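Me: Hi! I'd like to talk through this one with you. Could you have a look at it with me?

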Amino acid sequence: MRKRYKRSFEEIQKIVADTEQFFAQDNIDESLRMKVDLSLEELFVNMVTYNTETICEILIEMKPIDNGIEVSLTDHDVNRFDPTASGQVDVDAPLADRTPGGLGLYLVLKMADSINYEYHGRTSKITFTNKVAEADV
Amino acid sequence: MFDIDFNNSGAVVVSGRLDAAQAPKAQEFLDRVLDECIVDMSALEYISSAGLGVLLKTHKRLMVNASQLRLINVNSHINDIFRYSGFDKLFIIDTASS
(Lines give C-alpha, C1' and ligand atoms only; values in the text may rest on other atoms or scores of the structure.)
Protein backbone atom coordinates (compact mmCIF):
# COMPACT_ATOMS: atom_id res chain seq x y z
CA MET A 1 0.00 0.00 0.00
CA ARG A 2 1.30 3.42 -0.92
CA LYS A 3 -0.97 6.45 -0.42
CA ARG A 4 -0.71 10.15 0.27
CA TYR A 5 -2.83 12.00 2.81
CA LYS A 6 -3.68 15.65 3.37
CA ARG A 7 -2.31 17.34 6.47
CA SER A 8 -5.54 17.11 8.43
CA PHE A 9 -6.77 15.07 11.38
CA GLU A 10 -9.84 14.37 9.26
CA GLU A 11 -7.62 12.02 7.21
CA ILE A 12 -7.29 9.64 10.19
CA GLN A 13 -10.58 8.00 9.26
CA LYS A 14 -9.26 7.29 5.73
CA ILE A 15 -5.98 5.94 7.11
CA VAL A 16 -7.87 3.57 9.40
CA ALA A 17 -10.03 2.37 6.50
CA ASP A 18 -6.99 1.87 4.24
CA THR A 19 -5.15 0.01 7.01
CA GLU A 20 -8.11 -2.27 7.55
CA GLN A 21 -8.21 -3.03 3.82
CA PHE A 22 -4.46 -3.72 3.71
CA PHE A 23 -4.66 -6.10 6.67
CA ALA A 24 -7.47 -8.03 4.96
CA GLN A 25 -5.84 -8.16 1.51
CA ASP A 26 -2.41 -9.22 2.78
CA ASN A 27 -3.62 -11.47 5.62
CA ILE A 28 -1.82 -9.48 8.30
CA ASP A 29 -2.54 -10.81 11.78
CA GLU A 30 -5.44 -8.80 13.22
CA SER A 31 -3.85 -8.89 16.68
CA LEU A 32 -1.43 -6.21 15.37
CA ARG A 33 -4.17 -3.77 14.33
CA MET A 34 -4.40 -1.78 17.57
CA LYS A 35 -0.64 -1.25 17.76
CA VAL A 36 -0.37 -0.30 14.08
CA ASP A 37 -3.38 2.04 14.23
CA LEU A 38 -2.00 3.74 17.32
CA SER A 39 1.55 4.21 16.02
CA LEU A 40 0.28 5.40 12.63
CA GLU A 41 -2.06 7.95 14.20
CA GLU A 42 0.49 9.26 16.68
CA LEU A 43 3.20 9.71 14.04
CA PHE A 44 0.78 11.22 11.49
CA VAL A 45 -0.66 13.63 14.07
CA ASN A 46 2.85 14.59 15.15
CA MET A 47 3.80 15.44 11.55
CA VAL A 48 0.61 17.43 10.95
CA THR A 49 0.97 19.32 14.24
CA TYR A 50 4.66 20.16 14.23
CA ASN A 51 5.83 20.10 10.59
CA THR A 52 3.92 23.25 9.77
CA GLU A 53 6.59 24.58 7.40
CA THR A 54 5.37 22.33 4.58
CA ILE A 55 2.15 21.90 2.60
CA CYS A 56 3.14 18.55 1.07
CA GLU A 57 0.92 15.54 1.58
CA ILE A 58 2.20 12.79 3.87
CA LEU A 59 3.08 9.49 2.21
CA ILE A 60 2.17 6.29 4.06
CA GLU A 61 3.48 2.93 2.86
CA MET A 62 2.76 -0.54 4.23
CA LYS A 63 4.20 -3.88 3.30
CA PRO A 64 3.96 -7.37 4.78
CA ILE A 65 7.03 -8.87 6.44
CA ASP A 66 7.56 -12.21 8.15
CA ASN A 67 4.89 -12.51 10.84
CA GLY A 68 4.04 -8.87 10.66
CA ILE A 69 3.96 -5.54 8.92
CA GLU A 70 6.31 -2.67 8.08
CA VAL A 71 4.87 0.84 7.96
CA SER A 72 6.57 4.07 6.91
CA LEU A 73 5.51 7.70 6.92
CA THR A 74 7.38 10.18 4.73
CA ASP A 75 7.11 13.95 5.08
CA HIS A 76 8.72 16.29 2.51
CA ASP A 77 10.25 19.77 2.91
CA VAL A 78 10.44 19.61 6.71
CA ASN A 79 13.00 20.24 9.42
CA ARG A 80 14.67 17.31 11.14
CA PHE A 81 12.72 15.79 14.02
CA ASP A 82 13.71 12.35 15.22
CA PRO A 83 10.86 10.77 17.19
CA THR A 84 13.11 7.92 18.31
CA ALA A 85 15.14 10.44 20.32
CA SER A 86 12.13 11.70 22.24
CA GLY A 87 9.33 10.00 24.10
CA GLN A 88 10.60 10.36 27.64
CA VAL A 89 7.52 10.42 29.86
CA ASP A 90 7.41 9.69 33.57
CA VAL A 91 4.37 7.41 33.66
CA ASP A 92 4.85 6.91 37.40
CA ALA A 93 4.46 10.62 38.15
CA PRO A 94 1.57 11.64 40.40
CA LEU A 95 -1.55 13.13 38.85
CA ALA A 96 -0.59 16.71 39.69
CA ASP A 97 2.57 16.36 37.61
CA ARG A 98 0.99 14.61 34.63
CA THR A 99 0.21 16.58 31.45
CA PRO A 100 -1.46 15.32 28.27
CA GLY A 101 1.57 16.13 26.09
CA GLY A 102 4.28 13.70 25.13
CA LEU A 103 2.36 10.47 25.54
CA GLY A 104 1.92 9.85 21.83
CA LEU A 105 5.54 9.24 20.84
CA TYR A 106 6.16 7.45 24.12
CA LEU A 107 3.41 4.98 23.21
CA VAL A 108 4.83 4.52 19.69
CA LEU A 109 8.20 3.56 21.16
CA LYS A 110 6.47 1.14 23.52
CA MET A 111 4.28 -0.41 20.81
CA ALA A 112 6.67 -0.79 17.88
CA ASP A 113 8.96 -3.82 17.62
CA SER A 114 11.42 -1.66 15.72
CA ILE A 115 11.53 1.97 14.66
CA ASN A 116 13.93 3.80 12.38
CA TYR A 117 14.30 7.45 11.43
CA GLU A 118 15.96 8.80 8.26
CA TYR A 119 16.45 12.43 7.21
CA HIS A 120 17.82 13.35 3.79
CA GLY A 121 17.29 16.51 1.70
CA ARG A 122 14.63 17.93 4.02
CA THR A 123 12.65 14.68 3.88
CA SER A 124 11.77 12.82 7.07
CA LYS A 125 10.99 9.12 6.91
CA ILE A 126 9.89 7.09 9.91
CA THR A 127 9.61 3.33 9.57
CA PHE A 128 8.26 0.98 12.21
CA THR A 129 7.49 -2.73 12.34
CA ASN A 130 5.09 -4.81 14.34
CA LYS A 131 5.33 -8.60 14.50
CA VAL A 132 3.32 -11.34 16.10
CA ALA A 133 5.21 -12.70 19.09
CA GLU A 134 6.99 -15.96 18.14
CA ALA A 135 5.07 -17.88 20.78
CA ASP A 136 1.84 -16.85 19.03
CA VAL A 137 2.92 -17.82 15.49
CA MET B 1 -17.08 6.89 14.25
CA PHE B 2 -17.17 8.09 17.84
CA ASP B 3 -20.07 8.90 20.10
CA ILE B 4 -20.43 10.13 23.66
CA ASP B 5 -23.61 10.60 25.68
CA PHE B 6 -25.19 10.04 29.08
CA ASN B 7 -27.16 6.85 29.70
CA ASN B 8 -30.28 6.58 31.87
CA SER B 9 -28.15 6.03 34.98
CA GLY B 10 -26.18 9.23 34.44
CA ALA B 11 -23.02 7.46 33.36
CA VAL B 12 -21.12 8.72 30.34
CA VAL B 13 -21.11 6.13 27.57
CA VAL B 14 -18.42 6.30 24.91
CA SER B 15 -18.34 4.22 21.75
CA GLY B 16 -16.25 3.81 18.63
CA ARG B 17 -12.80 5.31 18.11
CA LEU B 18 -11.54 8.16 20.28
CA ASP B 19 -8.74 9.54 18.11
CA ALA B 20 -7.24 12.99 17.51
CA ALA B 21 -10.07 13.97 15.17
CA GLN B 22 -12.71 13.09 17.76
CA ALA B 23 -10.95 14.33 20.90
CA PRO B 24 -12.44 17.88 20.70
CA LYS B 25 -15.95 16.39 20.66
CA ALA B 26 -15.16 14.29 23.74
CA GLN B 27 -13.53 17.23 25.51
CA GLU B 28 -16.49 19.53 24.81
CA PHE B 29 -18.86 16.93 26.30
CA LEU B 30 -16.75 16.12 29.36
CA ASP B 31 -16.22 19.81 30.10
CA ARG B 32 -19.90 19.81 31.11
CA VAL B 33 -19.29 17.12 33.76
CA LEU B 34 -19.00 18.81 37.15
CA ASP B 35 -19.04 15.92 39.61
CA GLU B 36 -18.00 12.30 40.19
CA CYS B 37 -18.61 10.46 36.95
CA ILE B 38 -18.59 6.89 35.64
CA VAL B 39 -17.40 6.44 32.05
CA ASP B 40 -18.67 3.21 30.50
CA MET B 41 -16.14 2.08 27.90
CA SER B 42 -17.74 -1.22 26.91
CA ALA B 43 -18.28 0.03 23.33
CA LEU B 44 -15.03 1.97 22.99
CA GLU B 45 -12.88 0.23 20.39
CA TYR B 46 -9.80 2.42 20.33
CA ILE B 47 -8.12 5.31 22.11
CA SER B 48 -5.01 7.30 21.20
CA SER B 49 -2.97 9.79 23.20
CA ALA B 50 -5.42 12.53 22.18
CA GLY B 51 -8.20 10.62 23.93
CA LEU B 52 -5.98 9.95 26.92
CA GLY B 53 -5.35 13.67 27.14
CA VAL B 54 -9.10 14.34 27.28
CA LEU B 55 -9.53 11.86 30.15
CA LEU B 56 -6.50 13.23 32.01
CA LYS B 57 -7.57 16.87 31.67
CA THR B 58 -11.10 16.08 32.89
CA HIS B 59 -9.89 13.89 35.74
CA LYS B 60 -7.49 16.57 36.97
CA ARG B 61 -10.21 19.21 36.87
CA LEU B 62 -12.60 17.02 38.89
CA MET B 63 -9.94 16.04 41.42
CA VAL B 64 -9.65 19.68 42.48
CA ASN B 65 -13.11 19.21 44.01
CA ALA B 66 -12.34 15.71 45.31
CA SER B 67 -14.30 14.15 42.44
CA GLN B 68 -12.99 11.92 39.71
CA LEU B 69 -13.66 9.91 36.57
CA ARG B 70 -14.13 6.18 37.09
CA LEU B 71 -13.58 4.07 33.98
CA ILE B 72 -15.61 0.85 33.69
CA ASN B 73 -15.91 -2.03 31.20
CA VAL B 74 -12.50 -1.30 29.71
CA ASN B 75 -11.47 -3.90 27.10
CA SER B 76 -8.06 -5.57 27.27
CA HIS B 77 -6.53 -3.60 24.36
CA ILE B 78 -7.47 -0.26 25.85
CA ASN B 79 -6.44 -1.44 29.30
CA ASP B 80 -2.99 -2.18 27.84
CA ILE B 81 -2.81 1.45 26.65
CA PHE B 82 -3.82 2.62 30.13
CA ARG B 83 -1.10 0.47 31.72
CA TYR B 84 1.61 1.65 29.29
CA SER B 85 0.56 5.25 30.01
CA GLY B 86 0.50 4.84 33.78
CA PHE B 87 -3.21 5.65 33.80
CA ASP B 88 -3.86 2.53 35.89
CA LYS B 89 -2.19 4.41 38.75
CA LEU B 90 -4.23 7.60 38.22
CA PHE B 91 -7.76 6.29 37.62
CA ILE B 92 -10.04 3.70 39.15
CA ILE B 93 -10.38 1.26 36.25
CA ASP B 94 -12.72 -1.72 36.05
CA THR B 95 -11.88 -3.98 33.13
CA ALA B 96 -14.57 -5.75 31.14
CA SER B 97 -13.72 -9.08 32.76
CA SER B 98 -13.43 -7.87 36.36
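Predicted model: local features only at pLDDT ≥ 70, side-chain atom pairs only at ≥ 80, totals over all residues.

Me: Nice. What does the C-alpha trace of chain B span along its principal axes?

Reply: About 30 × 30 × 25 Å for chain B. As for its contacts with a separation of 6 or more, residues 24 or more positions apart account for 61% of them.

Me: OK, switching to chain A. What share of its residues counts as buried?

Reply: In chain A it is 31% of the 137 residues. There are 3 helices and 5 strands here, and from the N terminus on they run β-α-α-β-β-α-β-β. The radius of gyration of chain A is 15 Å, close to the 14 Å from the globule rule for 137 residues, so this chain is as compact as a globular protein of that length.

Me: What box do the C-alpha atoms of chain A fill?

Reply: Roughly 40 × 40 × 30 Å, taken along the principal axes. And of the contacts in chain A between residues at least 6 apart in sequence, 66% join residues at least 24 apart.

Me: Now α2 of chain A: is that helix mostly covered or mostly open?

Reply: Mostly covered, with 14 of the 18 residues of α2(A) buried. The helix takes in residues 33-50 and reaches 26 Å from its first C-alpha to its last, close to the 26 Å expected at 1.5 Å a residue.

Me: Which residues does A:Glu42 contact, leaving aside its neighbours within four places in sequence?

Reply: From chain A they are A:Gly104, A:Leu105, A:Leu107 and A:Val108, and from chain B they are B:Ser48 and B:Ser49. A:Gly68, by contrast, is 26 residues along the chain from A:Glu42, and their C-alpha atoms are separated by 19 Å.

Me: That brings us to the interface. How many residues does each chain put into the contact?

Reply: There are 19 residues from chain B and 19 residues from chain A. On the chain B side, the elements giving two or more residues are α2 (49-63) and α3. α2(B) gives the most, with 7 residues. The chain B side divides into 9 nonpolar, 6 polar and 4 charged residues.

Me: How do α3 of chain A and α3 of chain B pack?

Reply: Helix α3 (residues 103-111) of chain A and helix α3 (residues 76-85) of chain B pack at an angle of about 110 degrees, with their axes 10 Å apart. The two helices are therefore roughly perpendicular to each other.

Me: Which residues make that contact?

Reply: A:Leu103, A:Leu107 and A:Lys110 from α3(A), with B:Ile81, B:Tyr84 and B:Ser85 from α3(B). By type, they divide into 4 nonpolar, 1 polar and 1 charged.

Key:
Residues numbered from 1 in each chain as written. Chains lettered and ligands numbered in written order. Axes fitted to C-alpha atoms, helices over the stretch in contact; angles between N-to-C directions. Helix = DSSP H or I, 4+ residues; strand = E, 2+ residues; numbered from the N terminus. Parallel < 35°, antiparallel > 145°, perpendicular 65-115°, else oblique. Contact = placed C-beta atoms within 7 Å. Nonpolar A, V, L, I, M, F, W, Y, C, P; charged D, E, K, R; others polar. Expected span 1.5 Å × (residues − 1). Buried ≥ 20, exposed ≤ 12 C-beta atoms within 10 Å, placed from the backbone. Rg over C-alpha atoms; globule rule 2.2 N^0.38 Å.
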